[in-house]
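Subject: Structure handover

Hi,

Here is the structure I promised to pass on. Have it open while you read, and my notes follow below.

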Amino acid sequence: MRPITATYRLQLRGDAFTLDDARRLADYLDRLGVSHLYLSPILTATAGSTHGYDVIDPTTVSAEIGGRAALVALSAELAERDMGLIVDLVPNHVGVGRPRENRWWWDVLTNGRRSPFARFFDVDWREDNGADGRIALPVLADESDLGGLSFDHDRGTPMLALGDQRFPIAPGTEDGNPREVHDRQAYRLVGWRDGAVGYRRFFAINDLAALRQEDQRVFDTTHHQFASWVRDELVDGVRVDHPDGLSDPSRYLRTLREVIGTDRWLLAEKVLAAGEPLDPTLPIDGTTGYDALAEYGGVFVDPAGEATLTALADRAGAPGDAAWLRDNGIELRRRAARTELAPEVRRLVRAVLRDSPTFCNPDQLRDALVEVLVHMPVYRADYAPLAGTIPRMIGETLDRHPEWAAALTTLAGALTDAASEASTRFHQVCGALTAKAVEDCLSYRTSRLVSLLEVGGDPGRFGCSPAEFHLRAAERARLWPRTMTTLSTHDTKRGEDVRARIGVLSQVPELWARCVADWEMSTPSPDGTTGLFLWQNMFGVWPADGSVPTSALRGRLHQYAEKATREAGLRTAWTDVDQHFETALHTWLDRVADGPVGRSIGRIAQQLAPHGWSDALGQKLLQLCGPGVPDVYQGTELWEDSLVDPDNRRPVDYRPRRRLLQSMDTPGVETPPLDGSGAAKLHVTRTALRLRRERPDSFVGGHYRPMFGVGPAHAHLVGFARGPAGQASDVIVLATRHSVRLNETGWGSSSIALPNGSWFDRLTGELYAGAAPLTKMFERLPVALLVRLDRP
């Protein structure tokens, strides 16, 4: 297999960027220095899908993005350049939002349990499922909508119609009015607020129905197309989307490893809780890098700003410290268990009652079960290193609620068998509760420092010390040398450069507090918590030159504010939109942008932009040269200002990137200045990626050794040395941290003692040996990439 030194993530979509577009981009990515293209899902998805995770046919490559022929052509183009492909596989669910598009789902709705595809879906067929044993489809606003059912005969096929939705009619059930025909089907249309859902979903998304990969026939069918890519050597690796949703992730990953063989790269999108180790018994090369993301950003956060920013958030009603996050996370899990995920909880309760040798009051069991679930510290606890977690949670719940002894005994009886339905559903519901409560809600409710609010992060801890950073990096180099690392993904809530700029606020907390107070006096936000959250995000994306946002950026801010406030659920929500509040919110955003507050934000953005630039380059270089395999998310080789999806999936304009890279590679052509322009980030990215490709043994599988400076400003340096295992270091990576205070004091006499030999900075062309003064080292850039010239 081709060595994987670095990947570049591409978001494919039929209307903007296809497999042929990726093929035409191969020369640019080759010159950038990546070894592999990392594609978003390419199997056939819902028509017009902008992300590909709503697969409707796992047996075909999406025709919208070019089909299999385009995939083969792309793979061939890359092979000629000694590059390869990594694909994104979605085993947990398929799209069912438009039933007619998914022939498997349509057949199940038509024929019920007689359908050959009935075993493919995790359908609740039991009589006590809330739909009399039929598949409950939550598509109605309320029961009265059934009065709007009508018939539609498209190409002679009779269907039930409800607005623009279509549902099948089983043969022999066509007689009567629409309501009578509906009552004869294998499914039942129910209100989406009724809490009846007849199938396991991806979290609480009704349009995504879960698959039963534990069934070997289902696995073989859904992986037939993917297996052909492996057989035909089209791909070098695979990223598995959300394995925690499956009934048995470990078994699934073992089966998948058998399909791809021992050499191909296998990554799991595993969200690790704070302090949770990745299971070493899994047959994978690592995760998709959420854990590394938190460390690379966290080491630039200044802990000195914690008290002031916590107090500021506390005055707004959401301090965001560890205790507040814990308590609110628990309460939001409880709420999710009573609302969005109530169908899953009820189904789990029924499974526990069936699987346990003892019996108790179902209502008491539900309360006790929810209490255990909401205190679970991880997504799911059936991984080897987490043995003992569930007994501990049950024990702690019993200590708080001794009156639930019988219910907890019933629960324990059902969970004793790890292969029982109750045990399987317990772990699946556990992860869904965490995702809905924490990632989709709590992360929008606090604003102490929003750059810390990312999947897999620990916002209760204010950044990451250099000591912890180095130990975690050394552990990654030793235990998971081929894991992926990342700074931006299609799931991050803010792009890497936006987070870097917001992180600078930790260095100027008093200035920020004064600004917020002035802004709230001048143009008060419609809600204090919401306002403080959005002030930071606006600062994070405000033009660095201080100018007023363009109409495009303003539109994106409006879209983001609407999504963020609905996710938070404090004043408005997706299921209960408060038009009055949202109108006030949009009016406020316009007043900010058009008035004196906007000019004030522009001034502070311009003032702090160089420090955000410094941190952005620092985290980028550390990630690109650190342990693991770095991924570059599309477009992030230049400055980017993305917010949460769909904003971070916007199509990338590669024309300026091509021109800039070409200018850097053309002798005699003047390179743009390496200041706050995008040239600096592209220069750092291409230099680091090319070095990785040139010296792969120094990175993947190579050693990691922390480097420290001496002198009055030594704490502003973070760096490490890399080199082949068992050999001397031949690469040194250095970055500046906490540059605001450093800007006042300077590096002074601080220096770093380099190992023996001559060292060449690939970024600036300077030579160093012995004790190198940091003033000179960082004279042109806040980062340095040193390479030993006399490499053994």
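P646 sits in the loop between β18 (629-633) and α23 (655-665). A cis peptide bond joins D645 to this proline, with omega at about 5°. Helices here (H or I, at least four residues) and strands (E, at least two) are DSSP runs, numbered from the N terminus.

Before you go further: this is a predicted model, so local features need pLDDT of at least 70 and side-chain atom pairs count only at pLDDT 80 or more, while totals for chains, interfaces and linings use all residues. Residues are numbered from 1 along each chain as its sequence is written, and side-chain values use heavy atoms, with hydrogens and water left out.

Most residues other than glycine have a negative phi, and most peptide bonds are trans. F203 is not a glycine, yet its phi is positive, near 50°. You will find F203 in the loop between β12 and β13, and it counts as buried because its relative accessibility is 14% (buried means under 20% relative accessible area, exposed over 50%, partly exposed in between, with a 1.4 Å probe and protein chains only). H738 is also no glycine and has a positive phi of about 55°. H738 lies in the loop between β21 (731-736) and α25 (739-745), and with 5% relative accessibility it is buried too.

Which strands make up the open sheet, and in what order? The order is β6-β13-β12, and the pairing is antiparallel. Two strands count as paired if DSSP finds at least two bridges between them. At the edges are β6 (93-95) and β12 (201-202), each pairing on one side only. β6 and β13 (residues 205-210) are joined by three bridges, and G95 has L208 of β13 as its bridge partner.

Helix α20

How far apart are the end C-alpha atoms of α20? They are 26 Å apart, which agrees with the 26 Å that its 18 residues (551-568) should span at 1.5 Å a residue; the expected span is 1.5 Å times one less than the number of residues. The helix is mostly covered, with 13 of its 18 residues buried. Just after α20 comes G569, whose phi is positive at about 70°.

Aromatic rings

The structure holds 21 aromatic pairs. Rings of Phe, Tyr and Trp (its six-membered ring) pair if their centres lie within 6.5 Å; planes under 30 degrees apart are stacked, over 60 edge-to-face, and the rest tilted. One of these pairs is F17 with Y654, which is tilted, at 6.2 Å centre to centre and 45° between the planes. The pair links distant parts of the chain, 637 residues apart: F17 is in the loop between β1 (7-10) and α1 (19-32), and Y654 is in the loop between β18 and α23. F17 is buried at 12% relative accessible area, and Y654 is buried at 8%.

W105 and Y199 make an edge-to-face pair, because their centres are 5.1 Å apart and their planes are at 75°. This pair also links distant parts of the chain: W105 is in helix α3 (residues 103-111) and Y199 is in the loop between β11 (187-191) and β12, 94 residues apart. Relative accessible area is 1% for W105, which is buried, and 5% for Y199, which is buried.

There is a ring cluster as well: W512, W519, W535, F539 and W588 are linked by ring pairs. F539 also has the charged end of R501 sitting over its ring, 5.8 Å from the centre. R9 does likewise with Y38, its charged end 4.6 Å from the ring centre. For this, NZ of Lys or CZ of Arg must be within 6 Å of the ring centre and within 35 degrees of the ring normal.

Cavities

How many cavities of 30 Å³ or more does the structure hold? There are eight. A cavity is a set of points, on a 1 Å grid over the protein atoms alone, where a 1.4 Å probe fits but cannot get out; lining residues have an atom within 4 Å of a point. Grid points are joined across faces, edges and corners, and a volume is the space filled by probe spheres set on the points. The largest cavity has about 220 Å³ of space. It is lined by 20 residues, and R200, R201, E344, Q428 and V429 are the closest to its centre. The elements giving two or more residues to this lining are β12, α11 (342-355) and α15 (421-439). The largest share, five residues, comes from α15.

Cheers

How values were computed
1 Å grid on protein atoms, 1.4 Å probe; cavity = no way out; pocket = protein on both sides within 12 Å on 5 of 7 lines; lining within 4 Å.
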